[in-house]
Structure formats: C-alpha cells, structure tokens
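Please look through the sequence and the three-dimensional structure shown here before reading on. The briefing that follows takes up the chains, then selected strands, helices and loops.

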Amino acid sequence: MEILKFITAGSVDDGKSTLIGRLLYDSESILADQLEALQRSNRKNDDGTIDLAILTDGLKAEREQGITIDVAYKYFQTDKRKFIIADAPGHIQYTRNMVTGASNSNLAIILIDARKGVVEQTIRHSFLVSLLSLPQVVVCINKMDMVDYAETTFTQIVDQYKALALKLNLQNVTYIPVSALKGDNIVHESYNMTWYNGKSLLEHLETVEIPVDDSSAHARLPIQWVVRPQTEELHDYRGYAGRISSGSFKVNDQVTVLPSGFSSTITKIELLDKQYTEAVAGQSVTVHLADNIDLSRGDILVNSAAHPQVSQQIEADLCWMDTRVLDTSLTYLIQHNSKVTRCRVQEILYKFNINTLDKVYEEDFKLNDIGRIIIKTADPLAFDLYQDNKANGGAILIDSRTNVTVGALMLRASAE
Amino acid sequence: MSKQSLDYLDELEAEAIYILREVAGQFEKPALLFSGGKDSITLVRLAEKAFRPGKFPFPLVHIDTGHNFPETIQYRDDMVARLGEKLIIGHVQDSIDQGKAIEQKGKNASRNALQTVTLLDTIAQHGFDACIGGARRDEEKARAKERIFSVRDEFGQWDPKRQRPELWNLYNGKIHKGENVRVFPISNWTELDVWNYIRRENIALPSIYFAHERDCITRNGQLMAAAEFLNMDEEDVINRKNVRFRTVGDMTCTAAVESDAFLIDDIINEISASKISERGARMDDKVSEAAMEDRKKGGYF
C-alpha cells in the first residue's frame, strides 16, 4: 500500500473544509468519540445536519473566526491507499501556508464554486501549484446542487480552466463535478449527475499514479550524519547516513562527492541488520565507500555519470514568507538538503502578479510576494533545477537575526 | 520513471529516520523523551536504525510521575540495559518536594499536568536544545497543526500563530539561547501504523498493552486500574475485568478498555474495528474541546 499526499485549495466560501469533512465522513474515517464531539458542537448547517467543516478546523482562534488559518494535516486510509491531507487555507494573506502544504504534496485539489467559475483565487492557487510543480491536479467543481446539477455549467467551467492550465503548463488535470454538502461524487457516485461518467473523487485519489524517479542518473544522497562507532571491534567502521532524495544507488556504483568532486565506489548499503544491493529514492540508508575520502554533513553523494550543477550564483523563484520585507543588503542563511551556508539576494529580476500572472517590477519584496531573483551563496551548492528534480531543487531562506524561515526557493538555473 | 514507490511503512520509517538524523546533525544537545509507551518505544527502534552500530547521539529522558504502571518502569529498565544507552530520569516528586509543583487535591487528582514543570526543569538543568517526542498528528486536532520541528520559547510555550513554515523536508532547527525545539519524527503515523510497524519489526511492549485480568473501578464513565494513587473511597466498587490499555500514561488518567486482545494481531483487529479513538481513552483531553491546545501552549509535549 502506498501513501498519497495531497493538498486542498479553495476560496473561503468554496466549501473546502466541508469537502474534506465529507471525504472523511463518507469513507467512515471518523471515530465515535470524534463524531460525538461533532454532534455536541452547536455549529449546524441550515437544514440541521452536522457541519462537517468542524472536523478540520483545529485551533481555538480559528473556531472563533470561522476560518482556517494554518496548515493542518489529516490522515485517513481505505483498502487501497493511505492519505495525508494538507489542509491549506484559501484566505488571501496566507499564500505562504499553501506553498508550505504544496511543497509536501504530490497532488492538488482545486475547488471551484460552480456558481462563480474561475475566479482570482483559482488563478492564484493554480499558479502556486504550477510554481511548486505538483505532478497531479484535480479540479473539483463544487456546489453543483446550487446550479441544478447542470452539465453545461460544468463544461463551461472546464473550458475556462483548460485555458488557464495551458497558460500555466499544468499537466495531468482531472475535472470532477461534486457537491461536498450533499455528497455527490465525493466518495459515492452521484445519482444527480448521470451525465458524468468519470470516477468519484475518492476513487480517483485511490488510483491516480504517483510517479517516482528511480533512474540511476538522478541518484542523489545528501549526507546527514557520519556513523563512527570508534569501538575496538569497529575501529575502521565509517558509514555515511542519509535519505536518498532521488534516483537509485547500487553496490559497485561509481559515485562522486559534491561540491568537493572526490570519487569512489559504493561497497555496501545497509540499515541496522539489513543489507541492500540497490536502494531507491525515499529510503534512509547508511552507505560505505571503497576509499577513505573527506565526506561529511552538508555534502551530497551523486552517481559519477550524471552530476547536478554546482554554482554559487543561482537564479531562483522566491516566495517570501515573513512580515519583515526582504533586505538585499542583508546576509541570510540558505538551507539546501543538509547544507546551510550564508547568502545574499543579489538582484530582484521581477515579481509575479499572481492574480493576473503578469510580471511586475517593484523594489520591495513583502509577505506572500513571489518573484524571480538571483542569489549569491558563500559556499557552492550542488543542485538540480527544481522543475526537473524537486528534491534537489528546493531550498529555504533563514533570517539569522530571528532564525525564522522567511522564504521558499525553487532553484531554476545557474547564473554564473 | 517507475510507478513503484515504497510501501507505506517503509516510507514512514525512512522519514522518521531522516528526521532523527537531522536532529543529530543540527543540535548540540538533543534528548529523546521516553515515556514507556508504544510511540516512544517505536522511536527507540527508529533510533537504532538511524545510528547503529554507533551510539545514540542523545540520552533517553523519562519524566516519572511516580504514578506509573510498575510494568512500564520494568520495561524501561530492561530496555535501557539491553541498549546500553544513557537514561536520565526527571521525578515529579522532586518538583513537588521543591515546591515548584503542587499536588492536586480531591478524588480525580492527577500528576499528569505536573509533568510539564518537571519536564521544563529537566530541559533547563541539562541544557537540552532539542527534545524528540512520539506525538502524532492523528491524535488530536491541535496536534494536526503542529510542525515536525516545533520551536518552544524559554518557558516551553508553543505559539500556533508563530510556527515556522516547513517546506519540503527542510527542517529549520535554528534557535536562540534558551529556546528549544520539540521534534516529532512520527508526526505522520497513525495509531494503526504504529501497531503495524511494531508487528512487522517484532518489537516487545510493556505487558499492559495486552489483555490481562486486573482490579478496576469505574470513574466518570471510564474504566480505571485500581491503584492507591486514585484516592479510592467506598463509592469505588472494585471489579475484576479483562482489560488492556491503549496508551501508557499516568495511572490516574489512563483508562482501560475491556478487551480479549492477548496478541498483537488481536489488537490490530480490535483497533481496525474500533469506534473510539485512542485519545478518547485519556481523561486529560475530555476537559474541554480545546484542552490539548491549552496544554501545549503551556509547554506540554
């Protein structure tokens, strides 16, 4: 059984929490005591049924305001898959939360109100999905019950969205007409929309393909820790510990350490009492090399046949996540894999107006701003382009005065 | 591109090991909070995978309320002996004796809340900058929003509105002096995942997790183990029952469930079919719907 991580994005009133609530409720993922707490609550729909949105509204402040203000993770499973939902808010000032949720997902559900069609927030959310390179998108056209379950409304919105998907280069988009409130096409097929022949949302989530890159050409192992017992019987033991971020490694593979450039051969791949002849993306392992080369936390081990780029000047998309504005005269820290080094934002090339997708030229970079910059780093980074390899193409910026994570970087090209 | 990805238990395990190694790499003085419960026992197993044949880069820390199940303490001591790792014990009784914590009065008195005082003291005394815990996001709604690296101020407080964004698998463990980070490597696991992992890895557990005969009383609709700490009086009628415990906390706040699950397979079947969630058997969450959030803000695990 596999895990599918997905994010849900929608405007405040698109019924996103209701959709998640419905998914959990109809797939019988709510336990009796949680249901009891739900029924005790005095929030009800107009017709007196339980307000399923309460299931995902976690914090007191939110319950008071009635809007979701942070990313919450929800878990459920069916016979076919395990699911992790990153519930990101749709409210305008919380772009950063959606970027956070999307960075940890391989599918996005975009909710559209059938009465309204594609609106500004739909564009914004779709832009973020494209920026973060999510491999799968599901567009749920919700509140179909409010438009008499009309097929023409559905197809009009699909056509509208297709134009947007083309512009944003979104691949693998699936369209489903639903009513989260009434339960149409969420878990069960809808009897109100016999004109729709596709899968229900849950059925789609259970069967959609999750691609994994296991080619040896993209083999990347960022080193987190060196295991050195230094006991009498294990005097020479030296294991390099990390999680393979992409591709696959085999025993006897020729490998190179970056940024230093030293090469060696893998002699052993192990974890506690298990040994592997091959290990793939996602696995945490400890590897051994034939030669005693200089290799420590912050370095990355790659297949010698195909190197990532090594550069100190990099063009990147930046999503700014802090209330203090970006200061181009300040030294920040950049964290890329297990490597942390000092850096400066050398140039702001442009920003995106994420409602119109136009480029704009402004000096300041504020909370929730997204744009293209050039960054200069103290030590070289060994990176892949984010669009080719998310695992080795994403990085964060840290403000060393506050220690807070202030930016997400999608590395796009070497600018040397 | 291949369509074959890791099995879910392999993926969860690999993620947790990755997080433990990040703690080792990023912090000066980390610690693993060990409660004797199945979640922290799972963490210990994951730490063996992450660091063997080397030593753990952190000690185990147990906050002992003095009201633990004796089976838990026995398990803890046997485990530490087998591992050959360092164990630090913080005693709630010491906090009470020092006047830093005041014992609750009345029939439902519990030392559960006092643990926070002892925990914060132990962190300060040893200068821990990161504490690894076994909390999971599926346990409770407030936990669902907590980060994997969760920064606490010098008073141990969690501020849900000032959490750092956590992007991809990049965990920012940078902190100021006096602050510390609570790290939750099994955030993405569910109760069932933990049990399936324990079965797969053949991990031994304290005996109270399995069905056994025990003297019980009924308090506030919950079945509790009869023990001297429960301030029992003539209203408490003792009944002998077949029970097991779904969590291992303080005896004063951990309710039993009637069960015939003697084997791990029985437990997994029972949980799969269960209609009450794990924390539903914890009286400390019942106080109000926002109970956990309030406790976390005050420095709870």
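Two strands are said to pair if DSSP finds at least two bridges between them, and helices (H or I, at least four residues) and strands (E, at least two) are DSSP runs, numbered from the N terminus. This is a predicted model, in which local features need pLDDT of at least 70 and side-chain atom pairs count only at pLDDT 80 or more, while totals for chains, interfaces and linings use all residues, and side-chain values use heavy atoms, with hydrogens and water left out. Residues are numbered from 1 along each chain as its sequence is written, and chains are lettered from A, and ligands numbered from 1, in the order in which they are written.

**The two chains**

- Chain A holds seven helices and 22 strands, whereas chain B holds eight helices and 10 strands.
- Of the 416 residues in chain A, 60% are buried, where buried means under 20% relative accessible area, exposed means over 50% and partly exposed lies in between (1.4 Å probe, protein chains only); in chain B, 64% of the 301 residues count as buried.
- The accessible surface, computed by the Shrake-Rupley method with a 1.4 Å probe (for residues, only the protein chains shown count as cover), is about 16500 Å² for chain A, with carbon and sulfur atoms supplying 45% of it.
- For chain B the accessible surface is about 11500 Å², and 49% of this belongs to carbon and sulfur atoms.
- Taking contact to mean heavy atoms within 4.5 Å, 71% of the contacts in chain A with a separation of 6 or more are between residues 24 or more positions apart.
- In chain B, 72% of the contacts between residues at least 6 apart in sequence join residues at least 24 apart.

- Strand β4 (residues 107-113) of chain A is largely enclosed by the rest of the structure, because seven of its seven residues are buried.
- From β4(A), the residues A:Leu107, A:Ile109, A:Leu111 and A:Asp113 point one way, A:Ala108, A:Ile110 and A:Ile112 point the other way, and all are buried.
- Strand β1 (residues 2-9) of chain A pairs with β4(A) in the parallel sense over four bridges, and the bridge partner of A:Thr8 in β4(A) is A:Ile109.
- The pairing of β4(A) with strand β5 (residues 136-142) of chain A is likewise parallel, over seven bridges, with A:Asp113 standing opposite A:Asn142 in β5(A).

**Strand β18 of chain A and its partners**

- Strand β17 (residues 332-336) of chain A runs antiparallel to strand β18 (residues 339-353) of chain A and is joined to it by five bridges, with A:Cys343 in β18(A) as the bridge partner of A:Tyr332.
- These two strands, β17(A) and β18(A), form a hairpin with two residues between them, and A:Asn337 in the turn has a positive phi of about 55 degrees.
- Seven bridges link β18(A) to strand β20 (residues 370-383) of chain A in the antiparallel sense, and A:Glu347 has A:Ile374 as its bridge partner in β20(A).
- Strand β19 (residues 358-360) of chain A also pairs with β18(A), antiparallel and over three bridges, and here A:Asn353 stands opposite A:Asp358.
- The hairpin of β18(A) and β19(A) has four residues between the strands, and A:Leu357 takes a positive phi near 70 degrees.

**A loop residue of chain A**

- A:Asn192 lies in the loop between β6 (173-177) and α7 (201-207) of chain A, and is partly exposed, with a relative accessible area of 42%.
- Apart from its neighbours within four places in sequence, A:Asn192 is in contact with A:Tyr149 and A:Asp184.

- Chain B is divided into domain 1 (8-193 + 290-297) and domain 2 (206-285), with bounds that come from an automatic or database domain assignment.
- The contact between them takes 29 residues from domain 1 of chain B and 31 residues from domain 2 of chain B.
- Four strands of chain B close into a barrel in the order β7-β8-β10-β9, with antiparallel pairing.
- Strand β7 (residues 212-219) of chain B and strand β8 (residues 222-225) of chain B pair in the antiparallel sense over four bridges, and B:Cys216 has B:Ala225 in β8(B) as its bridge partner.
- Helix α2 (residues 38-51) of chain B is mostly covered, since 14 of its 14 residues are buried.
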